[in-house]
Amino acid sequence: MSSTDARDAIAPGTKTLSTTEYRRLACRLTEALRDALRVAESRGQRIPDQEEATEDA
């Protein structure tokens, strides 16, 4: 299920999804949020603390 599918699932006038489809959508959205958090934490670890940046300059 892609992000387009997620948008389509909540668009006005769309058919109601089955419980299985909603569960799959929830799992995919959870995976996407987990990946986004992992990337944000990884990038945050590469940014030096403000104190370290001042000492190095």
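R28 is partly exposed in this predicted model, with a relative accessible area of 37%. E31 is likewise partly exposed, at a relative accessible area of 32%.

Side chains of opposite charge can pair when their charged atoms come close. The pair counts because a side-chain nitrogen of Arg has to be within 4 Å of a carboxyl oxygen of Glu. By this rule the structure has 1 salt bridge.

Helix 2 covers residues 19-46 and has the highest confidence in the protein chain, with a mean pLDDT of 92. At the other end of the range is helix 3, residues 50-56, where confidence is lowest, at a mean of 69. Where pLDDT is low, the predicted coordinates should not be read in detail. Over the whole protein chain the average pLDDT is 82, and 84% of the residues score at least 70.

The protein chain contains 3 helices and 0 strands, so the order of elements from the N terminus on is α-α-α. Of its 57 residues, 7% are buried. The protein chain exposes about 5,200 Å² of surface, and carbon and sulfur atoms supply 53% of that area.

Technical notes: Residues numbered from 1 in each chain as written. Predicted model: local features only at pLDDT ≥ 70, side-chain atom pairs only at ≥ 80, totals over all residues. Heavy atoms only, no water. Helix = DSSP H or I, 4+ residues; strand = E, 2+ residues; numbered from the N terminus. Buried < 20%, exposed > 50% of the residue type's maximum accessible area, 1.4 Å probe, protein only. Areas by Shrake-Rupley, 256 points an atom, 1.4 Å probe, with all protein chains shown as cover. pLDDT = per-residue confidence, 0-100.
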